[in-house]
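Subject: Structure for your files

Hello,

Here is the structure I said I would pass on. My notes come after it.

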Amino acid sequence: GCSSNQYPLPDQDLTVDDFINDAVAATEFLASRPQIRNVVVIGHSQAGQYIPILLDRMPEIAVSGVLLAAPYQPIDKILKDQLAFSIETLLALGFNQSEAEAQVEPVVELVEGVQAIRNGTNSDEAVGGTGVGFWKSWFDVVPHSLSAAAIVEQPMLVLNGLMDSNVPVEEAEAWAAHLTSVDANFELQLLPCVSHAMNCLNATNLVNLTAGDVGLHVDPIVVETLADFVRETTREKMSFSASPTESPSASSKIATIGNPLAWAVVAMAVSELLNYL
């Protein structure tokens with residue numbers, strides 16, 4: 001069934017705007033350091049939806065951004081799709097319908113609660129341990145992000161793994177279609193075997209996946225793709241800003257938003273690669 005990670009519940013007045021404001025503050029702090037000239041913002045999963053907004057708010061600071069496994073659709077639709085995929089996978093593993101639904105009962109409750117907020121039938125009770133205002137603010141992120149993507153000038157990278165079952169490749173393709181329609185400066189990268197956690201799942205689907213098929217680290221192709229994008233989008237600015245005694249690549253830093261531990265690792269790995277570019 002669904003695991004319980006025992007995370008402490010957030011404040012009931014928390015909204016997605018708090019996350020975005022925190023990301024802006026962190027990026028501005030990095031940019032204020034004298035040894036840093038260029039900042040690339042990377043958002044993973046939910047935070048990937050923030051990237052166009054952040055680029056719009058910081059046109060003089062953030063030189064480019066990465067939408068890493070970023071949902072295109074609103075969270076209520078994403079949760080429904082994730083629930084349907086989970087039940088489908090359990091059925092393929094041999095569970096019957098009632099057994100499969102029992103395994104994902106907490107997710108069913110979450111989906112129904114979020115849908116009630118969308119429909120306006122929720123009685124202001126917390127859903128998934130989070131206040132109604134949080135979910136409503138998350139609904140608002142999608143149109144805000146799509147509008148911002150139409151006006152930002154900084155380059156963007158839309159990156160998704162072909163083995164991502166949380167935010168499937170169709171979400172990245174939808175982003176690409178939208179960004180093409182608004183003539184945005186972007187590129188799309190779809191990486192084989194890469195999951196939502198950015199490790200490699202060496203299998204054709206989750207049904208036949210074994211423990212030995214699961215990569216234990218962020219896959220090198222993810223780091224390489226990010227390093228290439230950072231290098232390409234900061235090269236021109238660094239060529240004008242670096243002094244003769246400085247390595248241009250040393251002045252580029254990455255602000256990552258999402259899973260702190262995983263993306264601290266990615267940021268350090270990319271920074272190390274940049275030292276050799």
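This is a predicted model: local features need pLDDT of at least 70, side-chain atom pairs count only at pLDDT 80 or more; totals for chains, interfaces and linings use all residues.

The protein has 9 helices and 5 strands, and along the sequence they come in the pattern α-β-α-β-α-α-α-α-β-α-β-α-β-α. Of its 277 residues, 44% count as buried. The accessible surface is about 14000 Å², with 54% of that area belonging to carbon and sulfur atoms. If we take the contacts between residues at least 6 apart in sequence, 72% of them join residues at least 24 apart.

The helix pair is H3 (residues 75-92) and H6 (residues 132-149), whose axes come within 9 Å and cross at roughly 100°. H3 is therefore roughly perpendicular to H6. On the H3 side the contact is made by Ile75, Asp76 and Leu79, and on the H6 side by Trp135, Trp138 and Phe139. Sorted by class, this contact has 5 nonpolar residues, 1 charged and no polar ones.

Is Ser64 buried or exposed? Its relative accessibility is 0%, so Ser64 counts as buried, the cut-off for that being under 20%. The side chain of Ser64 makes a polar contact with the side chain of Thr233, at 2.9 Å. Beyond its neighbours within four places in sequence, Ser64 is in contact with Val39, Val40, Val41, Leu55, Gln154, Pro155 and Phe229, as well as with Thr233.

Regards

Key:
Residues are numbered from 1 along each chain as its sequence is written. Side-chain values use heavy atoms; hydrogens and water are left out. Buried means under 20% relative accessible area, exposed over 50%, partly exposed in between (1.4 Å probe, protein chains only). A polar contact is a pair of N or O atoms within 3.5 Å; within protein, one must be able to donate a hydrogen and the other to accept it, and residues adjacent in sequence count only if both atoms are side-chain atoms. Contact means heavy atoms within 4.5 Å. Axes are lines fitted to C-alpha atoms, for helices over the stretch in contact, and angles run from 0 to 180 degrees between N-to-C directions. Helices (H or I, at least four residues) and strands (E, at least two) are DSSP runs, numbered from the N terminus. Angles under 35 degrees count as roughly parallel, over 145 as roughly antiparallel, 65 to 115 as roughly perpendicular and the rest as oblique. Ala, Val, Leu, Ile, Met, Phe, Trp, Tyr, Cys and Pro count as nonpolar, Asp, Glu, Lys and Arg as charged, and the others, Gly among them, as polar. Accessible areas come from the Shrake-Rupley method with a 1.4 Å probe; for residues, only the protein chains shown count as cover.
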